[in-house]
Amino acid sequence: MARLILLPGKERSVLRRHPWIFAGAVDRLDGRARPGDTVEVSAADGRPLGRAAFSPQSQIRARVWSFDPEETVDDAFFKRRVAAALARRAALPGFAGEQGLGAARGERGFRVVHGESDGLPGVVADCYGDTLVVQLTAVGADRWRRAIVGALVLATGCRHVYERSDADVRRLEGLQPETGWRLGGPAVAEGAEPAATDAPPLSISENGVRMHVDVVGGHKTGFYLDQRDNRLLVGQLAAGRAVLNCFCYTGGFSLQALAGGAASVLSIDSSGPALATAAANLALNPQLPAERAEWREADVFSELRALKNAGARFDLIILDPPKFAPSAAHAERAARAYKDINLLGFRLLAPGGLLMSYSCSGGIGVEFFQKIITDAAVDAGREARIVRRLAASPDHPVALAFPEGEYLKGLLCQAD
Ligand code: SAH
């Protein structure tokens, strides 16, 4: 095995269990290694630090698989890591008390593996009932595809596996997009070869509401699982309120609001297909009062202005925009966009109203986000207070050693 030798002092972050080794921390590679090969990592003085996946094309030159220099990276390693990730989920709120995943799975959607924070850099795996969606974003993870998929299938018992390795970040690792059924698929019942492009009709039950999941064409792995618990909170807050859900995608927050007894729910998104799925989701739930829901295909920025000019008011406003700042370099421009929609949000809030506002931009930290919201409230002339700080659901953990894993942040503000 080749050895990746760090520059003096650069072992510190590895000793603190940060899994990324940047190109600038590397002194040299002793021996030969191809992209994705496992290498030994050692400090400048020769002290062994662990084993990592080598990625010569990326600025993140290696991602640590194990901080134990003796631990072999093989099929059994991935079985152990996946089993541990699953065991962690079984102890979480909403899953606690359920024995492992078999019982927890049911018809739910949840994240089984959350990359670096679960000790599996570059690996994301989401479970939608019986269907597992795997997303590999680093060359090491890509190399171990078979072992990773095998470990996931063994641990979850899922009968269908779709790979959604189409995230842009793969390019930084010199990887092409890879998508397709790895197990089962739409035609599995007939025993035929699955068509790579067909999405089987798949739905999950989330907090008592049924939602379509399009694992082939949907965003991320098909659904925004990270907002699950926050959608539940909206259900708890919605009773009797006029709700405005901006960037509604397939209507997750909207349907929870209806289930929670909202007086009305206006949902806005610029994507026609997303809204079509949202309407289909509503139809999947005949118990919900469909007449209280309105879907509007529009740009949120201009629609909020139009609503304000029309004198509209709402009791609960949800702002869950796409990532405006993919990295810190975009933070300044993104801040203006966040400020804009939140300013309009505050202006549209009825007295005593609630604003639930999110940013999923890794480049915008919690403190900065709070400042943007504060500025928006000031400019809107509204006094408000934070009543809840919000984050991704606990099946999207953030390893303490890996603060980069924190991306979704939200504030629930109550205005006067
Ligand atoms: N809240 C959703 C996820 C939102 S994803 C959930 O819980 O499932 C962000 C959504 O914003 C996408 O559906 C995208 O189509 C939409 N979008 C992006 N830019 C927009 C804009 N300027 N106006 C309206 N919708 C927009």
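Student: With which residues is Phe 346 in contact, leaving aside its neighbours within four places in sequence?

Tutor: This is a predicted model, in which local features need pLDDT of at least 70 and side-chain atom pairs count only at pLDDT 80 or more, while totals for chains, interfaces and linings use all residues. Residues are numbered from 1 along each chain as its sequence is written, and side-chain values use heavy atoms, with hydrogens and water left out. Contact means heavy atoms within 4.5 Å. By that criterion, and with those neighbours set aside, the partners of Phe 346 are Leu 355, Ile 373, Ala 376, Ala 377, Ala 380, Arg 382, Ala 384 and Cys 413.

Student: Against which elements do the buried residues of α9 pack?

Tutor: In this helix, Val 300, Phe 301, Glu 303, Leu 304 and Leu 307 are buried. The elements that these buried residues pack against are β14, β15, β16 (293-297), β17 and α10.

Student: Is Asp 226 buried or exposed?

Tutor: Asp 226 lies in the loop between β13 (209-212) and α6 (228-237). Its side chain makes a polar contact, at 2.8 Å, with the side chain of Tyr 407; such a contact is a pair of N or O atoms within 3.5 Å, one able to donate a hydrogen and the other to accept it within protein, and residues adjacent in sequence count only if both atoms are side-chain atoms. Because its relative accessible area is 3%, Asp 226 is classed as buried.

Student: How far is a polar side-chain atom of Asp 299 from a nitrogen atom of the ligand?

Tutor: The ligand is surrounded by 16 residues, and Asp 299 is one of the closest, a residue being near if one of its heavy atoms lies within 4 Å. Ser 270 places a polar backbone atom 3.0 Å from a ligand nitrogen atom. For the polar side-chain atom of Asp 299, the distance to a nitrogen atom of the ligand is 2.6 Å.

Key: Helices (H or I, at least four residues) and strands (E, at least two) are DSSP runs, numbered from the N terminus. Buried means under 20% relative accessible area, exposed over 50%, partly exposed in between (1.4 Å probe, protein chains only).
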